[in-house]
Amino acid sequence: MRSKNKPKSIVTGITGFAGSHMAELLLKEGHEVFGIHRWRSRSENIAHLNGRLHLIEADLLDLKSLQDVMISVRPDFIFHLAAQSFVPASWTAPTVTFETNVVGSCNLFESVRTAQIDPTIQIACSSEEYGLVYPQETPIKETNPLRPLSPYGVSKAAMDYMGYQYFKSYGLKIIRTRGFNHEGPRRGEVFVSSTFAKQIALIEKKLQPPVIKVGDLSTQRDFTDVRDMVHGYYLAALKCEPGEVYNICSGKAWMIQEVLDHLLSLSRVKKIKIRQDPTRIRPSDIPILLGDNTKFVKATGWKPKIKFEQTLLDTLNYWRARV
Ligand code: NDP
């Protein structure tokens, strides 16, 4: 049943990690939520929202399917979170990454333009766009040069600039957010804190020998809880300037080694060995991504509320309940 008074929001990537949390937040804020999914999409992340969402089948790579969605929903807001989001997969499948993130985003913008609607559109750009960052450039401001070091980073930079171009050329109300790493329950199992937490949960249940496989532990990342991140996306859509770009980050860096150490300290099994897995080492990695959120905080008043220690505990408990 469609409500006349509620704001209507479309979430692309609703079956993913951030998209599922975004959907929860929007429902809490009284929005009517429309999620774009594909026929093969896994629905476990949104199973608990069954009956409260409108799920519409569409694919970023199919312009017509997106046009049909825009014409039928006529949204007030779009949160564009769908992507090929895994950096390592962008080396094994660079063109698929480009198609999904660049062509797919272009299709989304075109579907809005041709439907002649005027929603506010938040697009999930990434700190990976900054890529190579010199020590004197941290914490990273939005004005830093983009020197992406992965096909994923390049694809996100292209989407970012395309968002700028569609604002300038056609007046689409696109707000570009450069999210730094966010973690939490439902994070895909291949991502760093999630893979550590899942392995610990498996070891606790004796389903894996007490050895954790790791990649490079020396890199540093600026982590935010996913629930704070999607709140940031929401505030961005309400309060930020179309055409502008904003970092969303905590402003604190954790070394990956520290993330592992903290999760190990939460483990019920105390003797766990660490083994380097060469397949987890990237062809080129970014040593440090530490962001400056001043511009975003000034525009929105956003403040992360959840400590990263809590995020890690929640992630571990999520895996404990699942393995
Ligand atoms: P996930 O990989 O968990 O989710 C990606 C979503 O995109 C899935 O729902 C997937 O659907 C959907 N999708 C992929 N291809 C298509 C397509 N062709 N058509 C329609 N839907 C598609 O990613 P996250 O939730 O972690 O990330 C959300 C966004 O935030 C992404 O754009 C990511 O690049 C960006 N980001 C994430 C960061 C992080 O730390 N998490 C950091 C910075 C940016 P399906 O289930 O069908 O595969």
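A polar contact is a pair of N or O atoms within 3.5 Å, where, within protein, one atom must be able to donate a hydrogen and the other to accept it, and residues adjacent in sequence count only if both atoms are side-chain atoms. The structure is a predicted model, in which local features need pLDDT of at least 70 and side-chain atom pairs count only at pLDDT 80 or more, while totals for chains, interfaces and linings use all residues. Residues are numbered from 1 along each chain as its sequence is written, and side-chain values use heavy atoms, with hydrogens and water left out.

View 1. Asn 247 is buried, with a relative accessible area of 0%; buried means under 20% relative accessible area, exposed over 50%, and partly exposed in between, with a 1.4 Å probe and protein chains only. Leaving aside neighbours within four places in sequence, the residues in contact with Asn 247 include Arg 178, Phe 180, Asp 292 and Phe 296, contact meaning heavy atoms within 4.5 Å.

View 2. A backbone N or O atom of Phe 17 lies 2.9 Å from an oxygen atom of the ligand, and for a backbone N or O atom of Ala 83 the distance to a ligand oxygen is 3.1 Å. The ligand taken alone exposes 910 Å², of which the protein buries 87%; these accessible areas come from the Shrake-Rupley method with a 1.4 Å probe, and for residues only the protein chains shown count as cover.

**View 3. Gly 13 in the loop between strand 1 and helix 1**. Gly 13 lies in the loop that runs between strand 1 (8–12) and helix 1 (17–28). Gly 13 is buried, with a relative accessible area of 16%, and, leaving aside neighbours within four places in sequence, it is in contact with Gly 19, Ile 36, Leu 81 and Ala 82.

**View 4. Asp 228 in helix 7**. Asp 228 belongs to helix 7 and is buried, with a relative accessible area of 6%. Not counting residues up to four places away in sequence, Asp 228 touches Trp 302, Lys 303, Pro 304, Lys 305 and Ile 306.

**View 5. Helix 10 and what covers its buried residues**. Helix 10 (residues 308–322) has 15 residues and reaches 21 Å from its first C-alpha to its last, close to the 21 Å expected at 1.5 Å a residue, the expected span being 1.5 Å times one less than the number of residues. Among the buried residues of helix 10 are Phe 308, Leu 312, Tyr 318 and Trp 319, and what covers the buried residues includes helix 6 (192–204), helix 7 (226–239) and helix 8 (256–266).

Notes: Helix = DSSP H or I, 4+ residues; strand = E, 2+ residues; numbered from the N terminus.
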